Amino acid sequence: HVHPNLKGYAIMSDAFYNAIASAKVLPVADSANEMTFRQLLRDMPVCKVDSIAGADRIFNLKAHWPYNDPHAKDSIMAYNVEQTFASDLVFRKANWYDTMNSLYTYYVGNHQYKDARNVLENLVLEYPDDDDLYKRAAMISGLLKDDKSTLYDFKKSFKISPSFEKARYIFVLYLKHDQPAAALPYID
């Protein structure tokens with residue numbers, strides 16, 4: 001009965017991926033777009049609030065039987081906004097989805113767009129059929145001038161729920177990168 005940390009999950013996912021690829025169970029992706037283990041560790045969408053909440057849950061667990069660790073924290077002190085949100089999660093004052101949305105709103109309001117996108121990436125992993133999350137991620141990526149992510153997220157959102165607005169963004173991004181053939185299907 002093992003509960004890996006994030007690096008442990010990355011190691012397991014890399015091992016599974018390599019086994020699947022070598023067994024040719026699924027078609028192999030374009031090797032130019034494959035993510036290396038180092039990229040996975042660097043780009044894993046880890047939310048500060050989730051990490052803090054996880055650490056605080058472990059501290060609280062170790063403070064009680066059967067561990068009774070005298071050095072474990074008995075209570076969680078919140079010194080910043082992430083710790084406050086994490087505390088609300090640990091003590092069940094808020095659910096995860098609402099916490100992530102509040103955190104996203106906080107980050108956008110404070111122009112912390114990379115952190116806001118990270119929150120949306122976490123939400124998208126949990127709710128992959130929510131077109132609005134992809135659209136919001138695309139808009140934030142646009143503010144960050146990350147055209148590759150903007151295009152990816154708009155296409156995901158468009159696939160779930162096509163709209164003129166999304167098609168226009170996709171069309172313009174393809175033209176901006178001199179890919180008129182890829183842009184053409186979005187004219188209709």
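Helices here are DSSP runs of H or I with at least four residues, numbered from the N terminus, and helix 5, spanning residues 96-109, is the element in which Asn 101 lies. This is a predicted model, in which local features need pLDDT of at least 70 and side-chain atom pairs count only at pLDDT 80 or more, whereas totals for chains, interfaces and linings use all residues. Residues are numbered from 1 along each chain as its sequence is written, and side-chain values use heavy atoms, with hydrogens and water left out.

**Asn 101**

- Asn 101 counts as buried because its relative accessibility is 16%, the term meaning under 20% relative accessible area with a 1.4 Å probe and protein chains only.
- Leaving aside residues up to four places away in sequence, Asn 101 touches Leu 123 and Arg 136, where a contact means heavy atoms within 4.5 Å.

**Helix 5 against helix 6**

- Helix 5 packs with helix 6 (residues 113-126) at an angle of about 155 degrees, their axes lying 8 Å apart; axes are lines fitted to C-alpha atoms over the stretch in contact, and angles run from 0 to 180 degrees between N-to-C directions.
- That angle makes helix 5 roughly antiparallel to helix 6, a description that applies to angles over 145 degrees.
- Among the residues that meet in this pairing are Trp 96, Met 100, Asn 101 and Tyr 104 from helix 5, and Ala 116, Val 119, Leu 120 and Leu 123 from helix 6.
- The residues of the contact of helix 5 with helix 6 comprise twelve nonpolar, two polar and two charged, with Ala, Val, Leu, Ile, Met, Phe, Trp, Tyr, Cys and Pro counted as nonpolar, Asp, Glu, Lys and Arg as charged, and the others, Gly among them, as polar.

- At the start of helix 4, a side-chain oxygen of Asn 80 comes to within 3.1 Å of the backbone nitrogen of Glu 82, while just after the helix Arg 92 takes a positive phi of about 55 degrees.

**Helix 4 against helix 5**

- The axes of helix 4 and helix 5 come within 10 Å and cross at roughly 170 degrees, and the two helices are therefore roughly antiparallel to each other.
- Helix 4 contributes Val 81, Glu 82, Phe 85 and Leu 89 to this contact, and the residues from helix 5 include Trp 96, Leu 103 and Tyr 107.
- The residues of the contact of helix 4 with helix 5 divide into seven nonpolar, two polar and one charged.

Definitions and conventions. Buried means under 20% relative accessible area, exposed over 50%, partly exposed in between (1.4 Å probe, protein chains only). Angles under 35 degrees count as roughly parallel, over 145 as roughly antiparallel, 65 to 115 as roughly perpendicular and the rest as oblique. A polar contact is a pair of N or O atoms within 3.5 Å; within protein, one must be able to donate a hydrogen and the other to accept it, and residues adjacent in sequence count only if both atoms are side-chain atoms.
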